[in-house]
Every structure is written in structure tokens, then in C-alpha cells.
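What follows is a guided reading of a structure, taken from the contact between its chains to a few details of its backbone. Please keep the sequence and the 3D view at hand while reading.

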2 protein chains.
Amino acid sequence: MIKQRIAELKSASGTHSPSVATMLKEIPEMKINVDACFLSNPYATDLFIQHLEKDLILTNKLRDVLEFYPPQNHEVAKSVSSILNISPSNIFVGNGAIEIIQAVMHRFAGKKVCVIIPTFSSYYEFVQPSTEVVYYRLQKENDYQVDVKAFASFVQKEKPDTVIVINPNNPNGGYIPFSDLQWLLSEINFVSTVILDESFIHFAYEDAAYSYINNQSLIAAHDNIIIIKSMSKDFGVAGLRAGYAIMSETKVNALLSNGYLWNVSGLADYFFKLYGDKQFLEKYHEVRKKYIQHTNTFFQNLATLQGIKMLPSKANFALVEIINGKTSFDFYIDMLVNDNVYVRDCSDKIGLDGDYVRIAARSDEENTIIINAIVNATNI
Amino acid sequence: MIKQRIAELKSASGTHSPSVATMLKEIPEMKINVDACFLSNPYATDLFIQHLEKDLILTNKLRDVLEFYPPQNHEVAKSVSSILNISPSNIFVGNGAIEIIQAVMHRFAGKKVCVIIPTFSSYYEFVQPSTEVVYYRLQKENDYQVDVKAFASFVQKEKPDTVIVINPNNPNGGYIPFSDLQWLLSEINFVSTVILDESFIHFAYEDAAYSYINNQSLIAAHDNIIIIKSMSKDFGVAGLRAGYAIMSETKVNALLSNGYLWNVSGLADYFFKLYGDKQFLEKYHEVRKKYIQHTNTFFQNLATLQGIKMLPSKANFALVEIINGKTSFDFYIDMLVNDNVYVRDCSDKIGLDGDYVRIAARSDEENTIIINAIVNATNI
């Protein structure tokens, strides 16, 4: 039975969802029409592919990118240095943010790590066996938003070596405003390493113009911060594997001293060059804002639906509680089997109290299909 | 002066050569006509690009490969399992062999590592600071070939936790025949981890038909072996970042337990699927044999030249001693500046006694240019 096979496949993927390609390979009779598990701006992918075609395919330069060794880590860092206004000696580029999370958690986490839950599971799964993990549990009655005062007190009491803050948070999209974050970082400045994961920051905003929130200034004030940035979500290029981190020169040198030599592929190097190009970035910010607008419309529609409760989000996805008595797994299966819409069942997420699915905003057309599928799944 | 700037750039790249792209970016007035530093089969790149165009570009599937998350490590392992005749649970795929070298040296090296020198520098540079490295020095009078009896005695005396054997060896191309390797592995079976780096094995042969040497059978007899395989050289796809390793299931699970989640890009996943395809592999073996034939012609021509001495090689490159009194750095600069041919100055390689450059075999046409450049450089 398809439900059983999906459950097995999900279990084989650990605390992550199997990709659509893996699902379709293992269960060929299944159809997936909309991948609302996938947290990515499709308009940004369009923009990237347009540039790639012009720069690499029409010019036949794609061969060079695939044939030759990419530049070393510190060379790639130079491509993004000026756009970030950060010295290349403070930049570590990664084969996706996940490689950086692994590197940092293996190398700099220390003896005790403080993780806010619910969270992205790799932050506690990738610690060394000797590292203790303490969990700060977000409260359901507070919609899983971070209360920075309560959190600062927790950190001051627990005195961990490392604190992880994902902003906006995954899986709920909860957002700590810039001024609160600034206050929090000052309060926990005694912690050796504060990891600030900004993989979804391009979807957050604090003004009506959806201006980009630049936290890089915080680095100058706090040299214990490591900013980790995935490029997969906002630029829509998960298959490339591209991410970067900003950290102290000492930490960059420690990582490069015995590894990470050619960890960025030729195509990811091309992407980082584009990212460092002001003209490309201008076009990118247009599609970023367009996607935010479409996401907001999607969220407004989600909020009106019966049988579910959407939590406030400043990311490109919403955490949705199923409140019609159905389990999240059954809801997920119904959406997948009946309407071919793939969402993220969050029943494996620690720190959630209830039945939740995470639903990504996609293109305008796909969002309509997702809304209809939710209506169907809540009515069965 | 250009010589000084090249020296600075080389120094900034550590114990590796700066890529041609990096050289041209930093010294724009420089020209590089033939990259004989680059150890790669250009005919295999042609074959890969042909498939990529047909499968991904003409079908517009390239977008999917770049947009979506690639499958997880254990899923990619399935693609190559049947072609290797090895269970996927014994396969770890890497973002290039260099990621695997790093993973294995950080994780499984133990307290004492035995490295044969001259070697690929990452094997001793990537060890943890607490790991002792003992060097087994190959002898110049023996053309830096491994004497397996002497080496087995050395290992039995030193009792290291880990032994590294690169076959064919880099930078000299020295080759341990299959029967000798089999004998050596039995003699040092008491060592916890034996790393067998086969990144150049596709260029080696023991019969007139250039049949592929399959060492995978050794795994069944010795569960302490880790076979590491780069795909960059033989398949001509260094920009992709693709490699794999065969090791015990315990070791694979240890690595995957806290990392390496999505370490293979979408394009590298496509490559591994091709590699697992018998029809593609048949075509590949044709271009592999063609390249070996051209390499042999190149080696025969090299051997006749005055002022240099070529060492015996079963890889796609030759280590060449400069015996006309010139330093290897001057020889390297002369080839680069006068004839725009880029070779590998080996003056930074530990374990070499004399002035050496490493010269890669390229296409037939490029090999002719390289030979002429050597003639010029030895006559100045």
C-alpha cells in the first residue's frame, strides 16, 4: 500500500524529507504536481537559468566550468567579499550551508550547545558524541516565537559554549526583529560561539518596501558570531550546493588548515561570481520582492482556511497546525495521494506540541493548487 | 616582474598549484596555451559533455538538476553500486575525492599514520594535530618505485594505525602490480586502516589490451581497506567534484551519522548515474584506451629528450628530472613564459631528491606543443 511505502521512504531519509526525485524513483506510480516541501524561490531559479544560458551555454563555456578544477576556497571568497562588505579572510565558502553547519558543529561547538527547538535537525544531529545539547523549547501559546528576554536568561543560566539562532526560524518562520537580535547578542556576548543562521533572511522584511535586512554589521560588534547563509532557498539553486559563512579569521584559517580545499564546484563558483555582481543582484532583488508579495497573498489565503491554523511567518513557508482531529501524517498523505501536493509532515520534529505540516510558498499558480488541496484534505 | 608574481601566487596556493583560471585572473597579461599541470583525460570530457548536452541541455532538464536538492549520500551510492559490484552500504560518495580524504583522515586515521613520500600532500596535511605522521621515503636510485618487501618491513616495524598507498602514485606515476599489492595487503593486514587511493588506476594496465585493473576484489579479503577514487582525472570532470570510497559499512555509517547529508551536487548525481550505466561505460573505456595510447606515445617522445630524465609512469603524467643544471622553478617559468605551457614545479614536494617537474599527458596535439616547449626550455 502506498501509504506504507511512503512511511518507509520517509523513515529511510532520517529527519529530512525524501526529495521528489527519490520519491518518484522508489514509488514510480506516484505523481507529484506541486512540491510544497521545497523551500525555494522559483522566480530566482528562472533568473539564474537565464544568466547561465547566456553566460555558459550559448558561449560554450560550460565545458570549462565542468572540466577544470574550481578555484580554492579563499579564491571563491574574493568573489563575494565586496558585495558583503566583508574581508575575504572572514569568509568561508561551503558546499551548501549544510557543509558549513557540519564543519562548525564538529570543530567549534565546544562541550555544551544550546539549541532552540523546534529547529533544523542537523544542528543537534551533527554535534560530536562528546558534546552536550541543551534545548530551549519555544512555547506553543506564544506561536513558537522567540521571547528574547526569556531566552537570554536561559543562556545566562546554562552557560553553553555555543548558541544557535536561526532567523527566521525553520520550521515555523518565526522572526526576531533586528533591534531585538542586537539586544540578544549583547546579552549573550560571553558565549564563545553564537551561530546565526540566516538562510531565510532574504524573505524577511521590516518595512513596506521589503528592504533586505543586513545583519552583517553585527559581525563587527561581536567577534563570537558565525553567520551561516544557504544560497539554496533565496536564489533557488539547491542542486548547485552553495553557501557561505562569515566568521573570525582565526576560525576560517582553522577550517582551511586541514581541509576544504576544492569544496565549491565550478558551477557554484560561477554562481558566487554572479552573486558578487551588482547588476545581477538588482535583478535578483526584484524577483525576491515579487516572491515575497506572492508569499504574502498565499499566507493571507492560508489564514482563512478552516480546520487548520497557520502560524505567523517571515520566511517562505508556514507552519500549519491541523486542528480538525486528523494526524499530520494522514493530512500529508491525503494531500499527496489525492492532489499530488507534497508538504512536510512535521511529526518527527522535536519541540512541537500538536499535529503540524510545513507548507512552502511556490509560484502564484502553484499556490492556488496548494490552497485547493488543503481544502480537500481538511474536508475528507 | 612576472616571475616574482607567479612565485607569490604559487606560494598563496599552499602545496597545490594555482588553477589556470586563478593564474589568468591574477596575472591577466599571462597566456596559457596548454595546461600540462592538469591531470585529466580530455577525450573523456568530450564524451561527458556530449551526454550532458543530449540528456540535460536539449531536454531542458538542466534546470531541475540545478534547482532541486540532490538525493542524499546513500541514494547516490545506489547509482554506482551495481557497476562496482559492491553493496551501497559499503559506498560513500564525496564532493570530490578530496572531501573523502579529509573525512577519512579526520575520522579514522588514529594516532599514527604512515605516508609514502613523495605523495599527494593532503594525506599528511589533513591529519588532526594529535596524529603522528611517519614517512616512508621512496628511493631515487629505484626511480621512486615502491619496493613492497621493504615497505612491508617498515610498516611491521612502525606499527601505524593507518597506511596510505596511492597506486599509481602521485607525483611520479609509480605502479605496484596487482599481485604485489595483494601480497603487501596480506603482510600489513594487522593495520587498522589501509587507504588505497586509486584515483589514477584507470590509466594503469597490465596487458596489451589496456584492460581495466579491478582492485575491488581486495575489499572482500581485507575489511581494513578504504578504496578512494577520484572521478576528476579519468572522466575529465574536475569541476563537478565527484569521488567515491569503498569501506566497511561501520565506517560509512560513522561518517553519515553526523554529516555528509547532501554533499553531492545535482550535476555530480547526474554523473554518477551515467557512471552506473553500462552503455556509457563501454564508450568511456574506448576513450580511456585512446588516451592511454596517446600518453604512451607522449612518454616515448619525452624519453628521447636531452637535458631531462623521465621516470617510469603508469599514470597520465610523468615526473621529469631536470638534469641540465637548471632549477625546476626556472624550467617551469621558462615553459610558461616562453611557450605558454603550464607544468607542475615539484620543488615543494617533500621526498624528492633533485629538480623535478610533473608533466601531464594531454591530447595528441597538445602533447606535441609540450614536447617542443621542453626542447626550448632545455636549450635556453
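A polar contact is here a pair of N or O atoms within 3.5 Å, where within protein one atom must be able to donate a hydrogen and the other to accept it, and where residues adjacent in sequence count only if both atoms are side-chain atoms. In this predicted model, 26 residue pairs between chain B and chain A are in polar contact, with both residues at pLDDT 80 or more. On the side of chain B that touches chain A, at least two residues each come from helices H2 (20-26), H3 (42-57), H4 (62-67), H5 (73-84), H6 (97-107), H7 (122-125) and H12 (266-275) of chain B. H3(B) supplies the largest share of that side, namely seven residues. Sorted by class, the side of chain B that touches chain A consists of 26 nonpolar, 21 polar and 13 charged residues.

As for the extent of the interface, 60 residues of chain B are in contact with 60 residues of chain A. The two chains bury about 4,700 Å² between them, and 55% of this area lies on carbon and sulfur atoms. Within chain B, the residues that lose the most area to chain A are B:Leu66, B:Tyr69 and B:Asn258, which together account for 15% of what that side buries.

Charged pairs also belong to this picture. Side chains of opposite charge can pair when their charged atoms come close. The rule, which asks for a side-chain nitrogen of Lys or Arg within 4 Å of a carboxyl oxygen of Asp or Glu, finds eight salt bridges across the interface of chain B and chain A, while the count over all chains comes to 36. B:Lys78 and A:Glu26 meet through their side chains in a salt bridge, at 3.6 Å from N to O. This pair crosses between chains, leading from helix H5 of chain B, which holds B:Lys78, to helix H2 (residues 20-26) of chain A, which holds A:Glu26. A salt bridge also links A:Arg63 with B:Asp46, and there the closest N and O atoms are 2.3 Å apart.

Some backbone details remain to be visited. Most residues other than glycine have a negative phi, and most peptide bonds are trans. A:Asn167 and A:Pro168, however, are joined by a cis peptide bond with an omega of about -10°, and A:Pro168 lies in the loop between strand S5 (162-166) and helix H9 (178-187) of chain A. In chain B, a cis peptide bond joins B:Asn170 and B:Pro171, with omega at about 25°, and B:Pro171 has its place in the loop between strand S5 (162-166) and helix H9 (178-187) of chain B. A:Tyr260 is not a glycine, yet its phi is positive, at about 60°; this residue is found in the loop between helix H11 (249-257) and helix H12 (266-275) of chain A.

On confidence, the mean pLDDT of chain A is 95, with 100% of its residues reaching 70 or more, and the predictor gives the complex an ipTM of 0.95 and a pTM of 0.96.

Methods:
Residues numbered from 1 in each chain as written. Chains lettered and ligands numbered in written order. Heavy atoms only, no water. Contact = heavy atoms within 4.5 Å. Buried area = accessible area lost by both parts, 1.4 Å probe. Helix = DSSP H or I, 4+ residues; strand = E, 2+ residues; numbered from the N terminus. Nonpolar A, V, L, I, M, F, W, Y, C, P; charged D, E, K, R; others polar. pLDDT = per-residue confidence, 0-100.
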